[in-house]
Amino acid sequence: MDVTIRRKALELLQGLVTKKNIVPTINSMMERCVRSSPDEDWSNRIIATVIEVAQTNDYSMLQDFEWYFGVLLDISLVNLTCYQHGTLVQRELVTVLARVNAVRQFGVQSISELLCNSTLLNCDATRSTQWEIIKAAAFLCGEYPYWLRDKRLTCERLLSNHISAMHPEVQVACVAAVGKIAAYTHQPCPRHLALSHGEEELSLPDDPVTDAELLAVILAQRVKEKENDGGDEDTKPEECAGLQLFCHSVYPDVQERAQLVFYHVLTNPDVGPSLYVEELLSVAVGAQAAVVPPEDLDLDEPFCAPLPPLLRLSDSDDEGNTDGEDDELGFLGSGTAKRQRRQEEERHGEVAAFYIKGMTRTREELPTDVQVETVAAAPPQSHSVSSYLPHKTHSINRELSRPSNYVAAASTRRPKEEVEEDEATKKFRNVDVTRALTADEKLPETLPYTQLLQFRTSAADEKEEVQAAEAAAAAAFDPVVLLEERYLRVTAYVESCHVRKEGILLAFDVEVSNLASSSSTYDVRLCIQYDEDNFTQQGVRLESRDANDANNNNKINKNRNRGDKKNNKSGDPNQKQEEVVVEESGENSFVGVGVAERVKGSTAVRRKLGVRFLSQLPASLVKPLTLNLTYTRGKKPVTATLQLPLCYPYFAKVPKDITPTEFRETILGKFLVAAPLVTGLVGVNLSRVPLALPLILPKLRLRTVEVFRDITSFYGVLHARKSTAENAHVAVLLREEAVEEGRKGVSIAVKAHQTCLAESLVQEIASRMMQEAS
């Protein structure tokens with residue numbers, strides 16, 4: 001099969017994986033594409049795909065992690081000449097056991113067998129990264145030693161000659177694991193005894209090993225018989241074995257770790273448990289990159305600036321320190337120091353090369369005394385994923401370490417795409433093609449493609465018209481009758497709300513209707529009645545929205561700044577109804593505009609006005625805005641008080657549809673975290689809420705997010721500037737609560753940055769629910 005076709009098929013298969021079919025999909029991929037793969041490049045691609053599918057959305061599709069760990073073990077033992085994903089597999093092995101406690105027993109006991117596997121020990125480090133899996137096996141055996149069945153055998157494998165011939169990173173990991181196992185045997189740490197999250201339900205293996213028995217394995221000295229020239233047999237210790245083989249490694253990092261383990265194993269065993277008392281916690285992906293280094297830290301500055309001169313000085317003093325080396329290496333036996341010194345002199349020329357990063361040797365270049373042999377080790381217990389089906393459910397730890405400025409990575413799961421079906425597919429979907437048609441049956445007829453396009457176009461137009469009608473209906477507000485008298489009616493028609501830099505403008509029309517048939521009404525004026533708490537003269541004003549009133553608006557500002565309290569009159573009689581009036585009476589001052597010079601009998605005059613809130617909305621909108629209306633009828637001046645309610649819908653706009661996930665994570669979890677909460681309680685049963693939705697949603701400009709049996713949530717948006725759009729969101733929650741004497745009511749909770757609007761919205765919802773209940 002063509003490579004491109006296989007690759008595209010794999011991408012499609014990866015997108016079709018769900019929580020229900022992930023197990024058979026991975027089993028099929030492992031059986032057909034890894035064990036019987038057409039080429040190694042395809043096997044490497046399948047290995048990466050299997051792990052990527054399992055990691056989707058932080059392992060949300062996996063339930064049985066023991067099965068998944070078995071899959072990883074099978075992946076680890078795939079025999080490839082060029083194994084490309086050794087780093088990915090070893091990181092995945094460590095991640096699963098570090099985050100899923102209940103799988104550690106199975107994982108540690110299974111992965112410890114990889115320490116003697118020939119496929120891993122004999123891999124070519126110059127062409128393959130499969131050797132890195134040994135690092136994961138060593139780390140897990142040392143991190144969780146209480147699950148090892150045979151600690152002595154594990155330490156013997158970790159310190160074998162085959163390990164000493166591998167990459168230095170593998171040697172460091174194996175030596176560190178031996179130190180952890182020895183420290184646990186001497187004195188277990190509290191984290192080894194306090195098991196949790198499923199580990200406490202498992203029984204520990206019976207391995208009564210002592211410090212002396214383990215020390216004999218770690219510091220083992222192999223004995224071999226050699227014949228002298230005289231024919232006598234002489235028993236001599238081998239040059240290096242066990243931990244000593246790593247103490248005299250040509251790699252500085254291996255030497256350092258081996259010397260540390262040698263110290264806390266032989267010299268001071270009590271130091272070991274204190275070194276490994278803390279467990280290494282799992283870190284979120286990308287958390288390290290989010291850590292900001294301190295300003296005074298220079299990462300490019302070397303730890304030890306005069307290191308090269310010191311190394312040259314150390315090399316020049318090698319010949320003069322022979323006596324001291326004899327004393328230090330005397331514990332290895334007679335003549336061992338001389339042989340070790342001679343061996344080091346032979347390697348003196350090649351030591352410098354290992355200070356270069358990334359310098360490694362191939363198996364052909366290794367010394368003959370540590371040449372790797374073919375290891376005839378049996379593979380671990382069979383984990384055939386094709387025949388094994390998950391039957392357990394494990395929980396994974398999702399509380400990962402992360403810095404304060406950490407931003408979670410985007411979801412790795414591709415969004416579902418809606419597949420558009422044509423008319424023929426929809427009609428033939430329920431047709432059973434395996435059954436023959438009877439005499440009176442026939443297949444459903446499909447429409448021609450051109451006619452189908454016409455229907456789709458007309459349906460789209462109808463849908464747009466319906467949406468436009470709904471938007472227009474939601475945008476219209478009910479008229480508010482401000483005054484109803486025998487001869488005069490005043491009605492307000494709220495149009496919209498505009499948020500600008502200079503303030504918030506609530507635009508509305510005022511209609512003055514003269515109900516008398518024979519008499520006229522003169523000099524109709526409207527002004528605001530200010531108070532000292534809510535609607536102050538510095539916070540709100542009434543202005544005209546007519547285009548020819550720009551000069552009058554400028555007069556308002558000038559007169560207010562200089563305290564001029566005289567009337568500004570215009571010489572043109574046609575503009576008399578548009579002059580601005582500034583009055584003062586007692587404690588209250590009034591700023592208003594002229595509505596009409598004359599309203600004839602049985603007629604009405606309409607004027608565009610606006611209430612502008614200069615800095616911000618008042619502290620409360622529960623109290624309506626008080627207006628004073630003055631006019632003259634029959635040569636008698638008349639004054640009337642009007643109440644203009646400032647409802648929540650006037651300051652809100654129709655929101656877009658929102659998903660529950662976006663509502664919880666973005667709106668509540670990000671924009672409304674610091675917003676105040678306003679609550680109220682209504683003595684109405686929650687079952688009345690669905691019946692009240694037609695009264696609540698369109699009139700209050702809210703969208704339903706979720707509706708459950710005992711809870712309902714809504715979403716709204718306020719008018720705001722682009723710079724403050726994040727503070728324009730509104731969240732509403734209706735929940736059933738007990739009131740008194742066993743009765744239940746509905747609790748209304750509103751979260752918004754504008755407290756006055758949240759309070760108004762609570763009252764609006766409560767009044768509409770009471771209206772529906774009555």
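**Confidence, cores and salt bridges of the predicted model**

The structure described here is a predicted model, in which the chain averages a pLDDT of 77 and 71% of the residues score at least 70. Over residues 223-237 the pLDDT is below 50, and this stretch has 15 contacts in the model beyond near neighbours in sequence. Residues 348-387 likewise have a pLDDT under 50; for this segment the model has 67 contacts beyond four places in sequence. Where pLDDT is low, the predicted coordinates should not be read in detail.

The largest nonpolar core comprises 88 residues, of which F65, Y68, F69, I134 and L243 touch the most other members. Helix α11 supplies the largest share of this core, with ten residues. At least three residues of the core are drawn from each of domain 1 (1-60) and domain 2 (64-222 + 239-284). With neighbours within four places in sequence left aside, F69 is in contact with L93, V96, L97, V103, F106, G107 and I111. A second, separate core contains 83 residues, among them L526, V540, Y631 and M769.

Helix α11 spans residues 168-186. Of its 19 residues, 17 are buried, so the helix is largely enclosed by the rest of the structure.

Side chains of opposite charge can pair when their charged atoms come close. The structure holds 23 salt bridges. One of these joins the side chains of R157 and E113, with an N to O distance of 3.5 Å. This pair links distant parts of the chain, 44 residues apart: R157 belongs to helix α9 (residues 151-158), and E113 to the loop between α6 (104-111) and α7 (118-121). R157 is buried, with a relative accessible area of 17%, whereas E113 is partly exposed, with a relative accessible area of 26%.

A salt bridge is also formed between the side chains of K608 and E495 (3.6 Å, N to O). K608 lies in strand β10 (residues 604-613) and E495 in strand β4 (residues 488-500), so the pair ties together parts that are 113 residues apart in sequence. K608 counts as partly exposed, at 36% relative accessibility, and E495 is partly exposed, with a relative accessible area of 35%. Both residues take part in a network of salt bridges that links E495, D509, R545, R606 and K608.

The side chains of E706 and R664 meet in a further salt bridge, at 3.3 Å from N to O. Here, too, distant parts of the chain are linked, with E706 in strand β15 (residues 703-707) and R664 in helix α25 (residues 660-671), 42 residues apart. E706 is partly exposed, with a relative accessible area of 22%; R664 is partly exposed, with a relative accessible area of 43%.

Finally, S518 is found in the loop between β5 (503-514) and β6 (521-528). The relative accessible area of S518 is 73%, which is over the 50% cut-off, and this residue is therefore exposed. The C-alpha atoms of S518 and S602 are separated by 7.9 Å, although these residues are 84 residues apart along the chain.

Technical notes. Residues numbered from 1 in each chain as written. Predicted model: local features only at pLDDT ≥ 70, side-chain atom pairs only at ≥ 80, totals over all residues. Heavy atoms only, no water. Helix = DSSP H or I, 4+ residues; strand = E, 2+ residues; numbered from the N terminus. Expected span 1.5 Å × (residues − 1). Buried < 20%, exposed > 50% of the residue type's maximum accessible area, 1.4 Å probe, protein only. pLDDT = per-residue confidence, 0-100. Contact = heavy atoms within 4.5 Å. Core = buried A, V, L, I, M, F, W, Y, C linked by side-chain atoms within 4.5 Å. Domains from an automatic or database assignment. Salt bridge = Lys/Arg side-chain N within 4 Å of Asp/Glu carboxyl O.
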